Amino acid sequence: MNRHRTALSVLLSAGALVAGVLTAATPSVAADAPASFRQQHTSGFWTAERMRSATPLDVTAAPGAARTAVATSAAPTRVAPTAAASPTAFPQAGGAWTGGGAVVKTSGRVFFTMGDRTASCSGDSVTSANGSTVITAGHCVKYQGAWHTNWVFVPAYNNGSAPYGQWSATKTFATDQWAASEDMNMDVGLAVVAPLNGQTLSQAVGAQGILFNGGYNKKMYSFGFPAAAPYDGTKLVYCSGNSGKDFLLTKDHSLGCNMTGGSSGGPWFQDFNEATGLGTQVSVNSFGYTFLPNRMYGPYFGNDAKAAYDKAQTS
């Protein structure tokens, strides 16, 4: 991992999910930075071999700017899950999920083209008005001013196979702040995917609940498909523990977790039921600090994340 970069950059090699000290970008929204993108996709592009060889998307940031606050005073807004094992260890710093349940199908890998490279993240099917909404990290839909193309979601990904198919995005979304300035406090992205075999995504694999303005310091479970060493992207991995709040440069949630590149965009749940695999999503894997290893950070789902979700679920 290159830890000497002086600007926010993408790393397409092994390393931490995000490394370095965060730079909080200016929160103003530019008029020429739309927060959605009409997707382009080449049929048959994502072969099993191409999925296996996609490099995990990492982000690193450099010290510099002041922190950007996230409003948390609004009343909580909760959307219940759409239903589609045995208990596991709590807390867990990172290990293969063996508990079964709904999370196995709602979680998946995200694949996309970024310039001339193929890359991967993680994502989750969430309950929505259109039944076709995936939530992920902002940098997994747009980065360095460019929207990713050939964007697909592969629920229950299994070492190159797609047991529930590849779900192609028709449109991708980000919070206004991420679209305009890549503000790490607002690293939230979404995609609306086209129906497949006559079904919406939630009809095929189910969908998790989602909560906005739910507060801090909760018991959390995070999931993803880390693909950088020591992981290889072939299996669903989870972390669990009592979460905190970033005391450095963001207003993000904080959780002890050793997941690596490729897990970006994977869901964080509170009120997670190990037996059913259902929970309430409140964040996504976003970044980590180089000098604080084995700790993951995820954006607070406040009013801005809800606005992006509402745009996507009604699209």
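Analyst: A nonpolar core is a set of buried Ala, Val, Leu, Ile, Met, Phe, Trp, Tyr and Cys residues joined through side-chain atoms within 4.5 Å, where buried means under 20% relative accessible area, exposed over 50% and partly exposed in between (1.4 Å probe, protein chains only). This is a predicted model: local features need pLDDT of at least 70, side-chain atom pairs count only at pLDDT 80 or more, and totals for chains, interfaces and linings use all residues. Residues are numbered from 1 along each chain as its sequence is written, and side-chain values use heavy atoms, with hydrogens and water left out.

User: Which residues touch the most other members of the largest nonpolar core?

Analyst: The largest nonpolar core has 40 residues. Another core, of 13 residues, lies apart from it and includes Phe 111 and Tyr 221. In the largest one, the residues touching the most other members are Phe 112, Ile 135, Trp 151, Phe 153, Leu 190, Leu 201 and Phe 301.

User: Which residues does Ile 135 contact, leaving aside neighbours within four places in sequence?

Analyst: Contact means heavy atoms within 4.5 Å. On that basis, the partners of Ile 135 are Gly 123, Asp 124, Val 126, Val 188, Gly 189, Leu 190, Ile 210, Gly 265, Gln 281 and Phe 301.

User: Which residues does the cis peptide bond join?

Analyst: Most peptide bonds are trans. Here omega is about 10° at the cis bond, which joins Ala 229 and Pro 230.

User: What is the relative accessible area of Asn 197?

Analyst: Asn 197 has a positive phi, near 55°, and is not a glycine. Asn 197 counts as exposed, and its relative accessible area is 76%.
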